[in-house]
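Visitor: I'd like to walk through this model with you, one question at a time. Can you show it first?

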Amino acid sequence: MLDGLRGFAKSWPGKIMGAFLLVGVAGFGINNVILDLGSNTVGRVGDEEISGKDFFRTYQQQLNQLTQTMGTMPTTSQASAMGVPSSVLMRLANEAAIDSLSNSFGLGVTEAKLAQLLREDPSFFGTLGNFDPQVFRAVLQNSGMTEAEYFDSATSMAQREQLTQAMFVHTKLPSVAADLINSYANTTRAIDYFALTDANIETPAEPTEEELKAYLAEHQNEYRTIETRKVRLFDLSIPALAATIDVPEADIAAEYEATSANLTTPEQRTIQQLVLNTPELQTAFAEGLASGATFEDLVAQAGVTPTTLGTLPRSAINDARLGDAAFALNAGEFAIIPGIGGERAVFASEIIAEARPTLEEASEQIKTRLAQAKARTEVNEILDQVEELRAAFQPLDQIAERFNLPVYEVDLTASGAELSVLPNLANDDRNRVSQAIFAAQMDKLTPAIPVTGNAHVWFDLLNIAPVRDETFEEVREEITAAITQERVEAAMTALGEDIVARLDAGETLSDIAMSLSTFPQISSPFTRFGSEDGTIDQVTAAAVFAGGAEHRGTVINQNGEFIVFEVMDSSTPAEPLQAEIVDNLNGEVQNDLFGDFISAVRDDAGVRVNEQAMTNIITQNFGQ
């Protein structure tokens with residue numbers, strides 16, 4: 001039977017049927033099976049793959065930047081809500097599109113050029129301000145890159161730069177656009193103005209009882225309490241336990257004798273270095289050294305700027321010749337020593353002598369260290385005891401008293417800010433503890449909350465004050481102040497409108513100001529962004545520029561002052577934009593055009609995404 005099927009398959013009818021079957025199966029997903037991306041590939045743009053390793057590294061960098069901005073590491077769900085995965089993928093897709101285009105044009109980078117880029121990368125500079133192989137290896141290790149991966153990345157970046165310069169280097173901002181930008185940014189105006197005060201209006205009538213109640217009814221959503229939970233809590237951590245341990249004075253003295261050498265701060269020197277890369281500099285500094293001239297005078301006469309290496313101990317200087325010379329000098333002296341590119345002058349501007357603290361000075365530090373060392377050996381045993389007592393429903397304050405640990409009572413809100421009363425609780429842990437407390441139920445045994453540093457926090461929920469509308473008596477004063485302020489602002493606004501109408505009718509600002517027993521002020525010229533001295537803030541400037549060259553109006557400035565103004569002068573810039581600013585604008589135009597171009601290249605090549613691989617990388621390395 002099988003032989004018969006094989007024979008049929010080789011015949012023309014069999015081949016035609018096989019073709020139909022292949023098309024039918026393809027319609028049910030065989031295309032995905034054949035063309036599916038590998039498990040280590042997050043996406044593909046044309047023929048260029050986006051590897052899982054590149055995605056992980058870029059995603060990690062993006063999270064680090066957000067952490068510096070937010071002050072805390074965003075969770076996976078928060079990062080997803082902020083669009084981090086898609087932005088990382090789009091960035092890598094753009095880079096892949098550029099690489100694909102560069103390869104199609106046959107762009108390349110020589111080894112000599114790569115070496116130059118490596119030496120000029122400030123990320124790899126050491127204390128002397130030049131390339132340091134140790135720093136290079138450390139940076140790569142911290143970023144999770146191998147040297148081969150770094151040079152591949154550097155090659156791609158160089159190819160992209162070639163592509164950008166070849167296609168858009170001559171693209172310039174149109175002169176009309178430059179003139180408009182110059183006019184917008186550098187047009188100046190000067191105003192006469194004065195501030196209205198409460199003395200310029202009649203004192204508003206006190207709101208009646210009915211008005212107060214009506215206001216509260218209308219604005220009740222603004223007068224609500226927030227949920228507050230009263231808790232009793234304590235923490236068990238090495239610092240908390242160490243604070244309960246008494247260290248004998250004899251132990252402190254013995255530890256001081258044993259470790260005083262480690263407490264000594266080595267001699268440090270503030271060092272500057274100047275490369276003498278011309279015969280004239282070498283001659284000038286050699287003659288100055290012989291004649292006793294100071295380093296500062298020689299630098300000023302030569303019009304050069306030395307490199308400040310910092311205030312360093314001898315051990316921090318890898319250049320033996322530099323270190324020996326710098327630490328042989330007295331403060332204010334300099335020496336001339338050989339260097340890679342010629343001679344160099346080394347100057348020691350300040351010397352910080354070696355310092356060794358006395359027993360009295362070091363006592364507190366040693367006591368803390370010894371107490372924490374003992375606490376470190378006891379903390380796990382005490383943790384077990386606390387858990388056993390907690391499981392036996394022992395009151396929390398009695399448990400804390402047994403181990404001489406302080407107990408805190410806090411009226412806590414969801415922000416967790418009140419947890420600052422716990423001296424050993426890190427800021428990053430407050431949110432976690434607050435969430436656990438607000439998830440707890442009354443009269444239920446609550447588990448310990450693990451926090452940073454192998455520490456734990458226990459709490460008892462004593463009371464819950466739920467969200468509620470504040471009563472009329474609770475907010476009477478606030479409502480009275482709010483209505484009064486509204487009436488003052490309404491009166492100010494009406495007076496300001498009246499003053500502007502009088503100005504339009506031909507009265508002068510000075511006459512109106514005198515009638516209100518105040519004096520007008522004259523501003524210096526300022527731009528749309530305010531004055532350099534801060535007397536005209538950006539809010540006032542925006543109001544002034546909201547009208548024409550004879551604009552009059554009112555504005556409440558950033559300090560809450562009610563300002564009446566009249567434009568007295570308006571001047572357009574006489575000079576064109578500075579060359580540096582034009583260059584920056586040209587660069588922005590080139591970048592925007594290149595971005596649009598690469599987006600088109602990427603879309604034309606087509607982007608395929610392995611959602612499963614991307615999700616696995618995120619969840620396995622950063623959690624759910």
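Visitor: How many aromatic pairs does a search of the whole structure find?
Guide: A quick note first: this is a predicted model, where local features need pLDDT of at least 70, side-chain atom pairs count only at pLDDT 80 or more, and totals for chains, interfaces and linings use all residues. Residues are numbered from 1 along each chain as its sequence is written, and side-chain values use heavy atoms, with hydrogens and water left out. Rings of Phe, Tyr and Trp (its six-membered ring) pair if their centres lie within 6.5 Å; planes under 30 degrees apart are stacked, over 60 edge-to-face, and the rest tilted. Searching the whole structure that way gives 7 aromatic pairs.

Visitor: What is the angle between the planes of phenylalanine 234 and tryptophan 458?
Guide: This pair links distant parts of the chain, from strand β4 (residues 228–236) to strand β11 (residues 455–465), 224 residues apart; strands (E, at least two residues) and helices (H or I, at least four) are DSSP runs, numbered from the N terminus. The rings are 5.3 Å apart centre to centre and count as stacked, with the planes at 25°.

Visitor: Which ring does the charged end of arginine 229 sit over?
Guide: The test asks for NZ of Lys or CZ of Arg within 6 Å of the ring centre and within 35 degrees of the ring normal. Arginine 229 is 5.2 Å from the centre, and the ring belongs to phenylalanine 438.

Visitor: How are α10 and α19 oriented to each other, and why?
Guide: Axes are lines fitted to C-alpha atoms, for helices over the stretch in contact, and angles run from 0 to 180 degrees between N-to-C directions. Helix α10 (residues 209–218) and helix α19 (residues 472–504) come within 9 Å, axis to axis, and cross at roughly 95°. Under 35 degrees is roughly parallel, over 145 roughly antiparallel, 65 to 115 roughly perpendicular and the rest oblique. So α10 and α19 are roughly perpendicular.

Visitor: Is isoleucine 271 buried or exposed?
Guide: Isoleucine 271 belongs to strand β5 (residues 268–276). Beyond its neighbours within four places in sequence, isoleucine 271 has contacts (heavy atoms within 4.5 Å) that include Leu309, Ile317, Phe327 and Val346. Its relative accessible area is 0%, so isoleucine 271 is buried.

Visitor: How far apart in space are isoleucine 271 and asparagine 454?
Guide: In sequence, isoleucine 271 and asparagine 454 are 183 residues apart. C-alpha to C-alpha, the distance in space is 42 Å.

How values were computed:
Buried means under 20% relative accessible area, exposed over 50%, partly exposed in between (1.4 Å probe, protein chains only).
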